[in-house]
Amino acid sequence: MAEEVLVFGAWGSPFSRRVEMALKLKGIEYKFIEEDLTNKSPSLLKYNPVHKKIPVLVHNGKPVAESLVILEYIDETWKDHPILPKDPYERANARFWAKFIDEKCLSAIFKACWGACWGEEKEHEKAEIEHEKAVKEVSELLQFLENELKEKRYFGGETVGLLDIAANTIGYWLGVFEEASGVELLTREKFPKLCNWANEFVCVTAIKENLPPRDKLIAYFRNRFGAGNASK
Amino acid sequence: MAKNDVKLLGAWPSPFVLRARVALNIKSVKYEFLEETMAPKSELLLQSNPVYKKIPVLIHGDKPICESQVIVQYIDEAWTSGPSILPSDPCDRAIHRFWAVYLDETWFPTMKGLLAVQGEERKPLMDQLSEGIVLLEEAFGKCSKGKAFFGGDGIGFLDIVFGCFLGWLRVSEKITGLKLLDEAKTPRLVKWAESFCADAAVKGIMPETNKLLEFARALAAKMREAPPKN
């Protein structure tokens with residue numbers, strides 16, 4: 001049977017872009033279906049009835065949901081250009097940090113950029129303190145990743161791996177959030193390795209071809225979340 | 001310390017620690033269980049899990065592995081003799097992992113939320129848990145393919161992830177009067193729960209519900225006394 005690979009996603013979502021990056025890295029042909037998240041298609045609701053969210057990968061009619069679960073599925077199904085190492089400890093490491101990025105980093109970054117934005121005048125001082133706390137938290141989280149990178153070119157070593165793909169939120173979307181909100185988080189001074197990694201990451205062909213246009217993303221986030229938390 | 005020594009930092013009430021213990025038992029791995037008091041946290045815990053400072057932590061030789069689902073997969077991949085924990089087919093693996101994420105990110109947090117509130121506030125959470133368990137009953141039907149476990153003939157990844165919550169599930173039922181495992185609504189899961197708890201890898205180490213209940217009540221009392229966190 002001819003192979004059919006569908007990806008239900010959204011142009012601006014780092015999670016659906018992860019799926020496309022992995023497929024591109026492995027040279028797998030797929031059909032992309034852009035979902036309007038304000039008006040979800042019957043197909044999406046059928047393929048992910050539990051969460052009704054993107055991304056969903058549908059391989060020969062069988063759906064797989066949750067971006068990190070999808071990445072492992074892709075690696076186990078198409079063996080060329082592996083994205084997980086063979087060693088069990090290194091695999092555990094990649095999984096641990098990928099989960100860390102999703103569970104802790106993204107919400108902290110959002111809070112630093114856009115949290116406690118809208119307050120009454122008298123709440124301004126409280127918002128400032130909250131903002132500083134949030135920025136400090138992001139700094140601590142990024143430091144973990146900076147340390148994890150060590151002297152490697154990519155988190156995956158010589159080639160891009162699952163953790164690099166999962167870190168697309170750090171490698172590209174973080175810069176977009178910074179520009180959209182005016183808050184500086186990933187500074188070269190504090191995180192030289194992570195900055196170098198981000199530059200290398202966005203140059204990899206399979207990654208570059210799957211990055212949404214920067215201006216469009218910035219405009220989208222500014223529009224959606226407002227001018228941001230930058231100190232006035 | 002010998003190169004292949006296995007230590008597990010944990011605490012008896014934790015369902016996440018239980019997962020690691022079940023996985024080690026399935027693979028017949030000898031390990032040293034280091035019971036953490038959690039207050040204060042030991043130096044070893046803070047050093048081996050600086051990111052979260054949480055249990056369980058598996059220490060294999062000198063390598064720490066954190067996060068229970070990561071630990072269980074590590075155990076499966078590091079000890080290859082003995083039964084497999086993850087299924088072999090990528091599609092089945094993805095299904096186990098999907099429901100594992102659902103349990104940890106959606107279902108169990110709802111249960112924790114339920115135990116933290118009283119009266120009217122409980123109702124919507126109870127409804128969510130009931131809906132969720134019906135989904136899990138359906139998932140069991142599809143995954144088990146007529147056999148005893150999500151993993152088929154033997155305990156698999158999803159059995160471990162879900163099964164280790166059974167103690168706390170029973171505690172929630174006792175505290176709130178909500179019946180989650182129900183002969184009428186979730187007959188397959190009722191049977192599955194019995195099989196899981198009776199399995200050799202689980203039997204000696206699953207905490208008794210009454211002991212957990214006592215622990216839960218003590219914890220709730222402590223939290224009521226504590227000043228509100230920001």
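## The sheet in chain B

A quick definition first: two strands count as paired if DSSP finds at least two bridges between them. Keep in mind that this is a predicted model.

In chain B, four strands make up an open sheet with mixed pairing, in the order 2-1-3-4. Strand 2 (32-35) and strand 4 (63-66) of chain B sit at the edges, each pairing on one side only. On average, and ignoring direction, neighbouring strands of this sheet are turned by 20° against each other.

Strand 3 (residues 57-60) of chain B runs antiparallel to strand 4 of chain B, with four bridges between them. In that pairing, B:Val57 stands opposite B:Cys66. Helix 1 (residues 15-26) of chain B lies across strands 1, 2 and 3 of chain B, at about 155° to strand 1 (6-10).

## Where chain B meets chain A

Chain B and chain A each put 24 residues into the contact. Together they bury about 2300 Å², and 69% of that is on carbon and sulfur atoms. B:Val51, B:Tyr52 and B:Phe98 supply 25% of the area that chain B buries against chain A, more than any other three residues.

## Charges and contributors

There are six salt bridges between chain B and chain A. One salt bridge joins the side chains of A:Lys99 and B:Glu67, at 2.6 Å from N to O. Strand 4, helix 3 (68-78) and helix 4 (90-116) of chain B each give at least two residues to the side touching chain A. Helix 4 of chain B has the largest share, ten residues. By class, that side of chain B has 17 nonpolar, two polar and five charged residues.

Key
Residues numbered from 1 in each chain as written. Chains lettered and ligands numbered in written order. Predicted model: local features only at pLDDT ≥ 70, side-chain atom pairs only at ≥ 80, totals over all residues. Heavy atoms only, no water. Axes fitted to C-alpha atoms, helices over the stretch in contact; angles between N-to-C directions. Contact = heavy atoms within 4.5 Å. Buried area = accessible area lost by both parts, 1.4 Å probe. Salt bridge = Lys/Arg side-chain N within 4 Å of Asp/Glu carboxyl O. Nonpolar A, V, L, I, M, F, W, Y, C, P; charged D, E, K, R; others polar.
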